[in-house]
Amino acid sequence: MDLSFIGTMFLRILGGLPLTLNLWGLSLLGGAILALGLNLLRTTRVGDKVASAYVFVFRGTPLLIQIFMIYFGLAGFGFIRHSVLWPFLREPYWCGLLALVLNDAAYTSEILRGGLRAVPRGAVEAGRVSGMSRFTILRRITLPLAIRQALPAYSSEVISMLKATALVSTITLMDMTGIARAAISETWRAVEILLSAAAIYLALSLIVTQLSVWIERRLSPWQFQRTNR
Amino acid sequence: MEDLALLGFGPDGWGKVLVQAGLMTLAVSVAAFVVGLALGTLIAWGRVSGGGMARALAHGYTAVMRGVPEILVIYLFYFGGRQVVTAVGTALGFPGPFDISGFMAGMLAIGLISGANQAEVLRGAWQAVPKGTIEAGRVVGMSRFTLFRRVIAPQALVTALPGLGNQWQSVIKESALVSVTGLVETMRQVSVAAGTTQEHFLFYAAGAAIYLAITTLSDQLFRLAERHSLRGHQQGGM
């Protein structure tokens with residue numbers, strides 16, 4: 001193997017890191033907000049049906065088809081081409097980001113739902129008795145407990161989303177995978193290029209794994225103190 | 001209504017090729033799942049009863065496969081596979097050009113990814129097998145293989161079934177990525193149809209419906225299997 005070639009390619013692929021990080025961070029942020037909204041929607045009967053249908057569709061179909069549907073499919077509707085959203089939906093970046101947000105929201109809402117279910121009724125009642133408003137209860141009791149509970153599953157979702165960002169390369173975006181793909185068609189030395197790209201993704205995912213272990217420890221110190229003794 | 005005729009089985013309809021593409025999605029998914037199950041069993045075995053070396057290898061493999069995007073692994077097998085086959089073929093003196101089929105690359109790539117995930121499910125189930133039953137098997141003089149076949153595997157599979165069902169769902173969705181190799185499965189076929197007819201939304205929606213049908217139907221099958229595997233067991237609190 002040619003080390004200087006790998007080094008060059010490694011640096012070239014790193015050029016796509018900002019876009020990958022951008023899509024990763026924003027899709028997690030948007031997905032989390034939408035997931036919270038979906039769970040609030042579930043408190044009403046009709047809303048519950050809507051949220052279930054949403055989750056069913058987005059978890060039952062591949063992300064690739066969702067990206068293509070938004071990027072190629074939406075342009076077919078005249079009312080979208082003439083709407084204020086068109087300057088955004090014309091751009092592959094916004095289409096890719098939208099698909100990632102919608103997809104992440106479906107998975108995250110299910111993870112959050114599991115966490116919410118694990119919140120003890122007594123804790124919420126205690127909040128109500130001490131005169132907290134519904135919003136304060138959500139902010140100070142329900143969400144912290146639910147998030148702590150959902151953290152291990154959520155860290156896998158964070159890693160899944162990192163891997164999912166690689167798919168935007170199919171709609172011409174030059175993230176790390178897009179650059180790797182372009183470099184392959186120029187040089188035809190696929191193995192070296194793909195291994196360089198894989199190493200960067202792997203490093204990022206290992207950082208997330210370590211970080212989630214650390215946060216979990218911080219959020220529930222009593223558990224680890226007991227086992228350490 | 002004219003649009004819907006495009007999805008039908010008439011002379012202008014894409015119905016027939018879409019059904020064929022759906023079957024190809026199923027075929028590549030089943031093949032990849034089986035590869036993953038075989039590999040997952042091997043890795044789980046390494047992690048449960050292997051030595052330090054086997055454990056470290058299995059652990060490292062799982063970490064790598066879970067941290068690298070699936071599409072890179074597929075590219076690696078498709079382009080890299082060609083590179084390797086060409087190198088080996090030329091060295092042996094065969095005339096080129098050499099190629100590796102999209103089906104093969106997709107099956108191996110998704111199988112290897114799924115293997116890492118299935119290993120985690122199987123390991124948990126394996127460790128949940130009651131120790132007493134294994135000891136009982138040993139006492140009546142079963143060989144290691146018989147013990148695995150008649151005592152460990154049947155019990156572990158019951159525990160693992162829901163987790164394996166989830167892995168199967170992931171495999172179906174990952175199979176859409178094999179379209180980048182040019183294999184004509186659902187994703188590829190709807191892209192071609194959408195490009196030809198310029199009815200993008202219609203055909204991607206049809207593709208999504210095919211995937212939904214496959215995931216929903218197979219979910220029902222896994223639930224049936226689960227109920228069947230639990231017959232005779234006492235139900236827990238649920």
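Author: Let us begin with area, since the size of an interface is often given as the accessible area lost when the parts come together. In this predicted model, domain 1 of chain A and domain 2 of chain A bury about 1,200 Å² between them, and 71% of that area lies on carbon and sulfur atoms.

Reader: Which residues of domain 1 of chain A lose the most area to domain 2 of chain A?

Author: They are Asp175(A), Val208(A) and Glu216(A), which together account for 35% of what the side of domain 1 buries.

Reader: Where in chain A do the two domains lie, according to the domain assignment?

Author: The assignment gives domain 1 as 1-16 + 174-229, in two segments, and domain 2 as 22-173. Taken over C-alpha atoms, the centres of the two domains are separated by 25 Å.

Reader: How many residues of each domain are in contact with the other?

Author: On the side of domain 1 there are 15 residues, in contact with 14 residues of domain 2. Between the two domains the count of salt bridges is 0, while 1 residue pair is in polar contact, with both residues at pLDDT 80 or more.

Reader: Which elements give two or more residues to the side of domain 1 that touches domain 2?

Author: These are helix H10 (176-187) and helix H11 (190-219) of chain A, and H11(A) gives the most, with 9 residues. By kind, the residues on this side of domain 1 divide into 6 nonpolar, 7 polar and 2 charged.

Key:
Residues are numbered from 1 along each chain as its sequence is written. Chains are lettered from A and ligands numbered from 1 in the order in which they are written. This is a predicted model: local features need pLDDT of at least 70, side-chain atom pairs count only at pLDDT 80 or more; totals for chains, interfaces and linings use all residues. Side-chain values use heavy atoms; hydrogens and water are left out. Domain bounds come from an automatic or database domain assignment. Contact means heavy atoms within 4.5 Å. Buried area is the accessible area (1.4 Å probe) that two parts lose on being put together, summed over both. A salt bridge is a side-chain nitrogen of Lys or Arg within 4 Å of a carboxyl oxygen of Asp or Glu. A polar contact is a pair of N or O atoms within 3.5 Å; within protein, one must be able to donate a hydrogen and the other to accept it, and residues adjacent in sequence count only if both atoms are side-chain atoms. Helices (H or I, at least four residues) and strands (E, at least two) are DSSP runs, numbered from the N terminus. Ala, Val, Leu, Ile, Met, Phe, Trp, Tyr, Cys and Pro count as nonpolar, Asp, Glu, Lys and Arg as charged, and the others, Gly among them, as polar.
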